[in-house]
Amino acid sequence: MPRELMKEKRERAIAIAQRMDEHFPAAECALHYWGDPFKLTIAVLLSAQTTDRGVNKVTPALWERYPTPQALANADVNEVEEIIRTIGFHHAKAANCVKCARMVISDFGGEIPQDMTLIQKLPGVGRKTANVVLNEAFGIVEGIAVDTHVFRVSNRLGLAHAATPLRTEEQLKQAIPQADWSKAHHWLIWHGRRVCHSQKPACGSCPLAGVCDFFAQQNKQ
């Protein structure tokens, strides 16, 4: 198969975006955070290696017990662990929640910083979380958050050919028009959850079949 030129990839990315918008017009953040950037940061931190549904089950109790950054900063880690114990890696996540809250209070005046470098100084916050929070809470779009769904789907589609989330993000930013970066994250997640499953992708009913590398390769075998 001849190597796809960047111009061709960008044209295909536009076609993918149009189809995604048609099929997932309501795509949005699935985490509940009540319009609060701090609550969103903690929710995304908790969502690593865990479903958003699982996070949404524990955060109401978490915020009832610790409604502010100051309250969470003063929390007993063992009590936080007990509240979030149903989600994966709850020991480490509970520790990071409390450490994150403490740094928000001590270093950032109780507010989540609106800066890609500064926000990643918070314990438990990497580039994916930073992208989600900046985009969703502040409308600051510097990149495309790459979680497991985005990584899988974008590489199957052929919008990226990368071994790491960071490299995948870099390639997505080259292919997808910047005006679509904000929506692209949600589109790719929704597509991964509903159609492009990790084990058995529903290629037969996929709205992106005609513009997908994986589908094309499967049909040549």
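Arg194 lies over the face of Trp190, at 3.9 Å from the ring centre. A charge counts as over a ring if NZ of Lys or CZ of Arg is within 6 Å of the ring centre and within 35 degrees of the ring normal. Arg156 is placed over the face of Phe214, at 5.0 Å from the ring centre. The model is predicted: local features need pLDDT of at least 70, side-chain atom pairs count only at pLDDT 80 or more, and totals for chains, interfaces and linings use all residues. Residues are numbered from 1 along each chain as its sequence is written, and side-chain values use heavy atoms, with hydrogens and water left out.

Trp190 also takes part in an aromatic pair. A pair of aromatic rings is described by the distance of the centres and the angle of the planes. Rings of Phe, Tyr and Trp (its six-membered ring) pair if their centres lie within 6.5 Å; planes under 30 degrees apart count as stacked, over 60 as edge-to-face and the rest as tilted. The structure holds 2 such aromatic pairs. The ring centres of Phe24 and Trp190 are 6.4 Å apart and the planes stand at 65 degrees, so this pair is edge-to-face. Phe24 lies in the loop between α1 (6-23) and α2 (37-46), and Trp190 in helix α11 (residues 181-194), so the pair ties together parts that are 166 residues apart in sequence. Helices (H or I, at least four residues) and strands (E, at least two) are DSSP runs, numbered from the N terminus. Phe24 is buried, with a relative accessible area of 8%. Trp190 is buried too, with a relative accessible area of 16%. Buried means under 20% relative accessible area, exposed over 50%, and partly exposed in between (1.4 Å probe, protein chains only).

Phe38 and Trp63 form an edge-to-face aromatic pair, 5.8 Å centre to centre with 65 degrees between the planes. Phe38 belongs to helix α2 and Trp63 to helix α3 (residues 52-65), so parts that are 25 residues apart in sequence are tied together. Both Phe38 and Trp63 are buried.

The overall fold is helical. The protein has 12 helices and 0 strands. Its radius of gyration is 19 Å, close to the 17 Å that the globule rule gives for 221 residues, so the protein is as compact as a globular protein of that length. This radius is taken over C-alpha atoms, and the globule rule is 2.2 Å times the number of residues to the power 0.38. The C-alpha trace spans about 60 × 30 × 30 Å along its principal axes. Buried residues make up 48% of the 221 residues.

On a 1 Å grid over the protein atoms alone, a cavity is a set of points where a 1.4 Å probe fits but cannot get out, and a pocket is an open set with protein on both sides within 12 Å along at least five of seven lines; lining residues have an atom within 4 Å of a point. Grid points are joined across faces, edges and corners, and a volume is the space filled by probe spheres set on the points.

The largest pocket holds about 820 Å³ of space. It is lined by 31 residues, and Thr50, Asp52, Asp147, His149 and Arg193 are the closest to its centre. The largest share of this lining, 6 residues, comes from α11. The lining of the largest pocket divides into 12 nonpolar, 12 polar and 7 charged residues. Ala, Val, Leu, Ile, Met, Phe, Trp, Tyr, Cys and Pro count as nonpolar, Asp, Glu, Lys and Arg as charged, and the others, Gly among them, as polar.

The whole structure has 3 cavities of 30 Å³ or more. The largest cavity holds about 90 Å³. Of its 13 lining residues, His191, Cys196, Cys203, Cys206 and Cys212 are the closest to its centre. Helix α9 gives the most to this lining, with 3 residues. The lining of the largest cavity has 11 nonpolar, 1 polar and 1 charged residues. The second largest cavity has a volume of about 80 Å³. Residues lining the second largest cavity include Ala13, Met20, Asp180 and Trp187. Helix α1 gives the most to the lining of the second largest cavity, with 4 residues.

Two loop residues have positive phi. Gln49, in the loop between α2 and α3, has phi near 60 degrees. Gln49 is exposed, at 64% relative accessibility. Phe89, in the loop between α5 (77-83) and α6 (90-108), has phi near 55 degrees. Phe89 is exposed as well, at 58%.
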